[in-house]
Amino acid sequence: MGMGRNTGITRRSLTAAAAGALATAAWAGEAMADEAGQGSRRQFRGMWLATVANRDWPARTGLPAAEQRASLLAFLDTAVERRLNAVVFQVRPTADALWPSPYEPWSEWLTGVQGQDPGWDPLGTAVREAHRRGLELHAWFNPYRIANHADPTRLLPTHPARLHPEWVVPYGGKLYYNPGLPEVRRFVQDAMLHAVARYDIDAVHWDDYFYPYPVAGQVFDDDAAYARHGAGFPDRAAWRRNNIDLLVRETGVRIKRLKRSVRFGISPFAVWRNRATDPLGSDTRAGVQTYDDLYADTRRWVREGWIDYIVPQVYWNIGFAAADYAKLVPWWAELVRGTGVGLYIGEALYKAGDPAQPAPWQDPAELSRHLTLCADHPQVRGNVYFSAKEVAADRNGAMARVVADHYPGRVRPPR
């Protein structure tokens, strides 16, 4: 499947309805066959569909609406072909929206101009067309990132970050909302939950960005917010972690109040803390620890049951010295045991066949070995692949190998 190609677009558009109906019928028959078979088990098989900086979709800004829509549907068809059952679609990449939102502007990644109506509703279309194909649609939001640049004047004059400059912290050449302000926390929740209220999404999904990843020599200037709101905490780190804890806990509660069936999942960087830092941590020597560097206490969110599922991004090969896939998966499996929180493992498909990556990633069987290892840990209920472009292109056949070895037919995701 080629993104953004003109060939076949018209025909694909004309036959979309028929294809959707056929896919739904095929799904029903295949799913029933699977569930009637011996040893069949619900399993999450997802792919991330990234829109920030046109990573996966659309191929570039400014494509005609019909072409954008056709390429989106082609990605959904790819998910079906690979026997996946969920698409995690990035709908709020940079304090913007891929649906008509009363809170934030249309995303620039659609038209090239922030706030410009693309002439159609990508999220509404994705939900409807995913469900017709037997796929879950998880809406992926980034809570705090405003822009991948540091110039507020490049934002629309009506952008909330322009209207509330006191909410904004520049850091590392980018702009972020300040997680330490209760009014920011409320606003970003309202903006995200509008999509929950309006659409039949299956889940709210966040990635690994909370407080920004550390940038050498840079200071995240939240002095004023800490002075105003930090009383009663032993230090700024504890206060920052509490800010993120509040965002997670409150969002989970509000989602369930709106729609009990909608799940809440988070996909963090896979190292909570190294064992050398904390005996409860993983046997890793990672340069980033989410608890200490991103102020994201991912372990607590699982143990408290504030989220429905977690997808640690275990983006390293088996045997990688600093962060070994074969050591991290058992750590996460043990963490979720008895909590009721679903565990799916995030997979670095984008590394497969990349000549810049170490030798294990040149072997098309590396990812398949990951799933074999996961099968030894019953707490692992699935895998999610980064990202859609690689699921489609499959540079060295690693994805095809996973499907051949582990996905004999389609199954339903866990609930």
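Colleague: Let's start with I244: is this residue buried or exposed?
Modeller: Quick heads-up, this is a predicted model: local features need pLDDT of at least 70, side-chain atom pairs count only at pLDDT 80 or more, and totals for chains, interfaces and linings use all residues. Residues are numbered from 1 along each chain as its sequence is written, and side-chain values use heavy atoms, with hydrogens and water left out. Buried means under 20% relative accessible area, exposed over 50%, and partly exposed in between (1.4 Å probe, protein chains only). I244 has a relative accessible area of 0%, so I244 is buried.

Colleague: Which residues does I244 touch, leaving out those up to four places away in sequence?
Modeller: A contact here means heavy atoms within 4.5 Å. With that cut-off, and skipping residues up to four places away, I244 touches Y144, P179, F210, Y211, Y295 and W301.

Colleague: Which helix holds I244?
Modeller: Helices (H or I, at least four residues) and strands (E, at least two) are DSSP runs, numbered from the N terminus. By that numbering, I244 sits in helix α8.

Colleague: What length does α8 reach from its first C-alpha to its last?
Modeller: Helix α8 covers residues 236-258, which makes 23 residues. The expected span is 1.5 Å times one less than the number of residues, and for α8 that comes to 33 Å. The model's helix is close to that, reaching 33 Å.

Colleague: Which residue in β7 stands opposite H138?
Modeller: Strand β3 (residues 136-141) runs parallel to β7 (residues 203-206), and 4 bridges join them. Opposite H138 you'll find A203.

Colleague: And in β10, what's the bridge partner of I310?
Modeller: β9 (residues 309-310) pairs with β10 in the parallel sense over 2 bridges. The β10 partner of I310 is L343.

Colleague: Zooming out, what share of the protein chain's 415 residues is buried?
Modeller: The chain has 14 helices and 11 strands, and its C-alpha trace spans about 60 × 50 × 45 Å along the principal axes. Of its 415 residues, the buried share is 59%.

Technical notes: Two strands pair if DSSP finds at least two bridges between them.
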